[in-house]
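Here are my notes on the model you sent. They are meant to be read with the structure open beside them.

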Amino acid sequence: MKKVSSLSELGLANDVHHALFRPIQEAAPPSPTKRHTKISVVGAGNVGMAIAQTILTQHLADELALVDAKPDMLRGEMLDLQHAAAFLPHTKILASPDYSVTAGSDICIITAGARQLPGETRLSLLQRNLALFKQIVPPVAKYSPGTLLLVVSNPVDVLTYIAWKLSGFPPNRVIGSGTNLDSSRFKFLLAEHLEVNAQDVQAYMVGEHGDSSVALWSSISVGGVPILSQLTKDKAAMEQGVLERIRKAVVESAYEVIRLKGYTSWAIGYSVANLARSLLRDQHRIHPVSLLAKGFYGIPEDHEVFLSLPAQLGRSGVLSVANIQLSEEEAARLRRSADTLWELQRQLEI
């Protein structure tokens, strides 16, 4: 009996991938593969160090570089990690306020950002972050011209747009952490409600990271079973009400953590390490991340906004965007977010 080596030999069309995913415009190929892997983290605060610690324990890099404007604190963090060398896989750990330490990075993760002051407008906060990113992104791009930029700083969608503009990189190589963590929280709460394992839940939060994020209710499934389509109309209406409360709980969960401990760190650390693994190891996994969204789901081509969409990630960054069927309401909310961000971005001098 002849051994079948691919599904195409069984009659599955070769172009089925293009029906499921849309390619990224103006995408650049991956940088040349090398055995030595280097990750840089810019910003050694609570989030930056949680990311660094998770990267180390999961052995995602042979070399880890830390950058921060506070040299004494930075050196202290570096030494603290180096002293754990006996308990960790071998990784060279460097730290400096000088961006030359990031040279040759495969991924540069930016966590630095200005915090909102009491009474400060969103535009004023963005202008302060724009000034900060003008000090960060150009030197990072200079020392690692082939790197992938992964922005974690908030407001992540606009700052990812700013990083893209300042770097001059093709859009597939500039990514925001977006709603990857929001989606993880969403799956956890859904799993609790449905009494199943969170790994068996397929659910995404998309759009703008934060209060206006969009829960894709229509695509939620457990073990491959679409949830809403299995319910009667009365039950579906009831469940959608429950899901909206869960969506709000997802949005408010970060605020609760901040209220209780002052900041969030561990969950975003694992989320970003999860993204770094998919990128570095060319896993082609699908993550909801902030990417250049123009042209997708009815977002106008002239709106150069970054929003979270389920995307396939690999060594060259964003490979493609999943063609998920959105309801009219979901698509409309996504486009409203794009319009709001575009109007805000047009006020920035960049």
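**Notes on the model**

1. Asp68 has a relative accessible area of 14%, so it counts as buried, the cut-off for that class being under 20%. Keep in mind that this is a predicted model. Asp68 sits in the loop that runs between strand S3 (63–67) and helix H3 (71–82).

2. What does Asp68 touch, leaving out residues up to four places away in sequence? Its contacts are Gly43, Ala44, Gly45, Met73, Leu74, Ser96 and Pro97.

3. Is Asn46 buried, exposed or partly exposed? Its relative accessibility is 37%, so it counts as partly exposed. Setting aside residues up to four places away in sequence, Asn46 touches Tyr263 and Ser265.

4. Ser316 lies in the loop between strand S14 (306–314) and strand S15 (317–322). With a relative accessible area of 10%, Ser316 is buried. Apart from residues up to four places away in sequence, it is in contact with Ala28, Pro29, Pro30, Leu148, Asn172 and Arg173.

5. How far apart in space are Ser316 and Ala27, C-alpha to C-alpha? The distance is 8.4 Å, although 289 residues separate the two in sequence. For the protein chain as a whole, 72% of the contacts with a separation of 6 or more are between residues 24 or more positions apart.

6. The protein chain contains 9 helices and 15 strands. Its radius of gyration is 21 Å; a compact globule of 350 residues would have one near 20 Å, so the two agree. The C-alpha trace spans about 65 × 60 × 45 Å along its principal axes.

7. Of the 350 residues in the protein chain, 51% are buried. The chain exposes about 17000 Å², and 54% of that area comes from carbon and sulfur atoms.

8. On charge, the protein chain carries 34 positive and 34 negative side chains. The centres of the two sets are 4 Å apart.

Key:
Residues numbered from 1 in each chain as written. Predicted model: local features only at pLDDT ≥ 70, side-chain atom pairs only at ≥ 80, totals over all residues. Heavy atoms only, no water. Helix = DSSP H or I, 4+ residues; strand = E, 2+ residues; numbered from the N terminus. Rg over C-alpha atoms; globule rule 2.2 N^0.38 Å. Buried < 20%, exposed > 50% of the residue type's maximum accessible area, 1.4 Å probe, protein only. Contact = heavy atoms within 4.5 Å. Areas by Shrake-Rupley, 256 points an atom, 1.4 Å probe, with all protein chains shown as cover. Lys, Arg positive; Asp, Glu negative; His and termini not counted. Charge placed at Lys NZ, Arg CZ, Asp CG, Glu CD.
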